[in-house]
Amino acid sequence: DPSRAANARLGLAYSRLKLGQRMAAVAQLKRLVHQRYRMAETLPLLLALLEAQGDFEAVDGYLHLLAPKENERWARRVMEGRLIKEFRTLEKKKDPAHLEWVTFLDRHRPELDRCIRPDLFYESATRLQAHQDNARAAAVYSAEGKVQVKELIEYYLNNAALIRKEMEALGYDCVGGENSPY
């Protein structure tokens, strides 16, 4: 019976996971997804395992099987995962050349424009400044990005001021919360 065999294969995949045999579990799950067996369970599990392995190319190959909203969510995760992976690779180099940071920023402009991991772009801009490239460092942020950063800073400053005000109203002596968000 094909259904029983697929169910047994799913049980085997879970057993492999429990034993720490991720590659074997991935192989079983790929087969189940190919058979379209219990897709609501097998596909997300397969994608999560592939993502954890950093195999974003493989994840890309399965995105078309997802509903539009899930496809969009996973596409963003893949974009973020690739960004992080490349950033960490570049960061691990002893002294990455200025051009490598410029190339990284150029290649990941869509992620920057979508505000995916702005912390990595901030760090990249800092690296450009270390190479005396202040113009490119400032250009990392688009006009819209600069507005977003300013709004975020204002939010944190207002939040810190509110916390300070409430703490002082309770009789506590406070330091900070006036010119910095902490």
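Select Met 167 to start: this residue sits in helix 10, residues 143-169, where helices are DSSP runs of H or I with at least four residues, numbered from the N terminus. The model is predicted, so local features need pLDDT of at least 70 and side-chain atom pairs count only at pLDDT 80 or more, whereas totals for chains, interfaces and linings use all residues. Residues are numbered from 1 along each chain as its sequence is written, and side-chain values use heavy atoms, with hydrogens and water left out.

Met 167 counts as partly exposed because its relative accessibility is 32% (buried means under 20% relative accessible area, exposed over 50%, partly exposed in between, with a 1.4 Å probe and protein chains only).

Next, select helix 6, residues 98-107, in which Trp 101, Val 102, Phe 104 and Leu 105 are buried. These residues lie on the same side of helix 6, because they cover an arc of only 160 degrees around the axis, the arc being that of the directions from the helix axis to the C-beta atoms. Turn to the other side of helix 6 to find Leu 99 and Asp 106 exposed.

Then show Arg 82 and Glu 57, whose side chains meet in a salt bridge at 3.0 Å, N to O (a side-chain nitrogen of Lys or Arg within 4 Å of a carboxyl oxygen of Asp or Glu). Arg 82 lies in helix 5 and Glu 57 in helix 4 (residues 56-62), so the pair ties together parts that are 25 residues apart in sequence. Of the two partners, Arg 82 counts as partly exposed at 29% relative accessibility, while Glu 57 counts as exposed at 57%.

Note on methods: Helices (H or I, at least four residues) and strands (E, at least two) are DSSP runs, numbered from the N terminus.
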